Amino acid sequence: MTTGPSPTSFSLAELACADPYPVLARLRERDPVHRTADGAWLLTRYADVDRVLRSRAFGAPVTRQSIQEMVGTGALYEYMSRRLANYNPPDHTRLRQLLGHAFVPRRMEALRPWIEQRADTLLDVCGGRPVDLVGAVLHPLPSLVICELIGIPEADRTHFAEWTAAIAHLISASLSPGAELPAARRQAGEDAAAAFWSYLEALVDDRRPRTQGNDLISTLLATVDDRGERLQREELIANMIFLFSAGHQTTRDQVGNGLIGMMRHRDAWERLVADPGLAGQAMEEALRYDASFSLQTRRALETVEIAGRRIAAGGRVVCILIAANRDPARYAEPDRFMIDRRDIHPVSFGGGVHYCLGAPLARIEGEIILRRLAVRLPKLRLAIPGEEIQWRNDIVYRGPRHLPVTV
């Protein structure tokens, strides 16, 4: 067993680029349990990442005290401290069970016809000219879906997207050891969280007297009343913000990343065009090939040994999901997008008690978008060389800013 310094130098800032995979491959090969200068542990092998994500020996990455030290005591603190992802059992168990009532598979499947219709409506304007697929389809559709699910007027979704973008930078900082939090960015996040919170607070209070609707807010209010369990009003509001963020930008980016993968591996796209029934399989491979969420952070709740490295209780462990998903010990030819790949179990949605609640909906949305694109735009190609695509400069969230294509 060793706890000595790492022989390899690596910074999480290196994830904020179009292609972090070569440097991640070297890190995985040379130092798969890497200790950073500030004491965090970075994992890059599939087996290690999968173990940590599933283990009860690891919990939420931050505490209320650490959140307060980072962002103060305003609206941003109220949101971040009550996100499901930042809870540990038993509070996590209580809240997840309540939220889970609204995410049963039949509810997600019931949205399928509505999603298909909206996807076709957006695609109607994409024919015959170059188009930015992010702006035309990939950004608006997940936003419309999550607004429909939660019960938010469609006219307000633009504000939600703006607020989510401002808050996302703060979430990245909270998940990334050593990341700095500039004052201007923190203030922008605080302002967005306050506006988001105020909007949802009014919406929840308006809906409270009548909880017969099919939207998520009404369902949760009714469930709390029926079961007699205590769901704090602040928890409900905070997790509506969380669900919008998680259900919008990550799905948008995930489909975009998958499309770029298939454009670079044209045989995969041609297979999908020939058999659109492979869209679900294509979405799974997209999740493996280039996940839109680069990492998940956990905090050791007890002393644990991983590959001979002793991680003390309280230690910060960063599971680099995109590295694990391309581990050659788990997947043959991991850098190829293979639409007919079998036994795909990407860690992109996390694992264990913190496994993403919205994973079924994200899979349905991705499958629908890819299938409709293959049917309606079979000649789809990148309008610019792949290396010229601009990516978001973010450590945690991966995705193209724009995706210019010819159809």
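Two strands are taken to pair if DSSP finds at least two bridges between them. In this predicted model, strand 2 (residues 41-43) and strand 8 are joined by three bridges and run parallel to each other. Within this pairing, tryptophan 41 has valine 317 of strand 8 as its bridge partner. Strand 8 also pairs with strand 5 (residues 295-300), in this case in the antiparallel sense and over five bridges, and here the bridge partner of arginine 299 is arginine 316 of strand 8. Strand 8 itself, which spans residues 316-320, is mostly covered, since four of its five residues are buried.

A further set of strands forms an open sheet, in which three strands follow the order 4-10-9 with antiparallel pairing. Strand 4 (131-132) and strand 9 (381-382) stand at the edges of this sheet, and because each has a single partner strand, one side of each is left without a neighbour in the sheet. The contact between strand 9 and strand 10 (residues 404-406) consists of two bridges, and these two strands run antiparallel.

Turning to the aromatic side chains, seven aromatic pairs are counted in the model. One of the pairs is formed by tryptophan 163 and phenylalanine 196, whose rings lie 5.2 Å apart from centre to centre, with 45° between the planes, so that the arrangement is classed as tilted. Tryptophan 163 belongs to helix 10 (residues 157-175) and phenylalanine 196 to helix 11 (residues 183-207), and the pair therefore ties together parts that are 33 residues apart in sequence. Tryptophan 163 and phenylalanine 196 are both buried. These two residues also take part in a cluster, in which ring pairs link Trp163, Phe196, Tyr199 and Phe244.

Arginine 326 lies over the face of tyrosine 289, at a distance of 4.1 Å from the ring centre. Arginine 330, in turn, is placed over the face of tyrosine 46, at 5.1 Å from the ring centre.

Note on methods
Residues are numbered from 1 along each chain as its sequence is written. This is a predicted model: local features need pLDDT of at least 70, side-chain atom pairs count only at pLDDT 80 or more; totals for chains, interfaces and linings use all residues. Side-chain values use heavy atoms; hydrogens and water are left out. Rings of Phe, Tyr and Trp (its six-membered ring) pair if their centres lie within 6.5 Å; planes under 30 degrees apart count as stacked, over 60 as edge-to-face and the rest as tilted. Buried means under 20% relative accessible area, exposed over 50%, partly exposed in between (1.4 Å probe, protein chains only). A charge sits over a ring if NZ of Lys or CZ of Arg is within 6 Å of the ring centre and within 35 degrees of the ring normal.
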